[in-house]
Amino acid sequence: MGNEKLKNINELYIKYNNDLYNFIFLMIRDNEQAKDLMHDTFLQAYKKFDSFKDENVKSWLYKIARNLTIDYIRRRKPMSFFFDLTDVHSNIKGTEQIVTLNESEKELYLALAKLKRKYQQVIILRKIKEFTIKETSEILGCTEAKVKTNLLRGMKQLKKELEKEGYHHGI
Amino acid sequence: MESKNKVKELDKKLRSLNNKFIINEDEQNRILNKLNREIDQQKSSGFMHKKSWPLSYYMSLVGAVIICFLLVSPQLIKILDNGSIDSNNQNQIINESETFLTILPENWSLMDLDQGPNTLVFSNQENTISIQVSEELNYTIIDDEPTKRNILLENFEQSNNFDEFLDKMIQHESNNGELVYTEIDEVNTTPIFSFEYDDYFFISSYLVVNNKPFYINIQVHDDDYSLEKLMDSSEYELFKKVINSTQPI
């Protein structure tokens, strides 16, 4: 029973580890911490495996990852939040990651980082990870209406941020 | 039409960020091995958290608690006389470096967050609310060399009295007044503050007992909680009890 569970978690890890790391990294922009939280997601999944029912397994893992990430964000000291938003450019830990982006992707990534968390989450899940409205609402633990509203507002805000940075290509 | 195309273009660019950030294979394997090791440890320990303590350590901890209890019992008796600790519902607990004592509310559990030996974090059963008690409040100053500083202790040592210490802490935590700190409550003479940032609100308190500073906060991990709802909750009352009961050893 225990070995079967471990086998399942290992299979899920192989399939989704990078996906979840990517999601967490976009939320916190800290390479090392994102790896730790991805690891914690699978550890938590192992612990909760017996209570896992007929959900979509990918959404379930994202839900765990999202909750752990939000917990982590909340546990950071307020000053860390402040540093995060005032100087996104100089505060991205793991900047080696960013060099893999082209210029327009970098602009988009930095603009996304300046949004409120609730907008970031919904844009990452809906637009980057391409979850459905229903799946997004399940992961975030809110209503579909709230997802739609936050997505609309978030996208508006994102365009504004991009325009502020003088980035007009294709928006 | 043009607007629709622009939306499509932005959507496409957003999709391009998917899996741009990946971990290399070696790193993936390292994390998987670590995960499997921790799962194995869990299987063998069963009742404890992921990084379980050896039995000898656990036993010595129990011994230390008893000794500490004897040492601080006059103060505890005084507190119990004042009705500050409901001894039927809460258990006393000490931090890993055995320098302070506080209460762990019934049905709450200790969280293992790698927060270090000078901090305790515990959460309610639903894991929606947590309380943190710490002797330190560290910030990493990013300069040429990242330096870790315990602002709580630094400010305490540089203050002549409690009010001065409080002013320094608020000045620092509010980023020189840029974030609005509001005093919302107090426990005995210790004020409780709140402030909001982004989508979140924070409630914290700075306490000095027997010439030792502590940082205590309560956090909600549920988006549906408002400050008012939290303040009306039984968990908030427990938070106040924790403030009232935290003592250096």
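Mentor: This is a predicted model, in which local features need pLDDT of at least 70, side-chain atom pairs count only at pLDDT 80 or more, and totals for chains, interfaces and linings use all residues. Residues are numbered from 1 along each chain as its sequence is written, while chains are lettered from A and ligands numbered from 1 in the order in which they are written.

Chain A has 8 helices and 0 strands; helices (H or I, at least four residues) and strands (E, at least two) are DSSP runs, numbered from the N terminus.

Helix α7 (residues 133-140) of chain A packs against helix α8 (residues 144-164) of chain A at about 100 degrees, with axes 8 Å apart. Axes are lines fitted to C-alpha atoms, for helices over the stretch in contact, and angles run from 0 to 180 degrees between N-to-C directions. α7(A) is therefore roughly perpendicular to α8(A) (65 to 115 degrees). To this contact (C-beta atoms, placed from the backbone, within 7 Å), α7(A) brings A:I133, A:K134, A:T136, A:S137 and A:L140, and α8(A) brings A:E144, A:V147 and A:K148.

Helix α6 (residues 117-128) of chain A also meets α8(A): their axes come within 8 Å and cross at roughly 100 degrees. These two helices, α6(A) and α8(A), are therefore roughly perpendicular to each other. On α6(A) the contact uses A:K118, A:Y119, A:V122, A:I123 and A:R126; on α8(A), the residues include A:V147, A:L151, A:M155 and A:L158.

Notes. Parallel < 35°, antiparallel > 145°, perpendicular 65-115°, else oblique. Contact = placed C-beta atoms within 7 Å.
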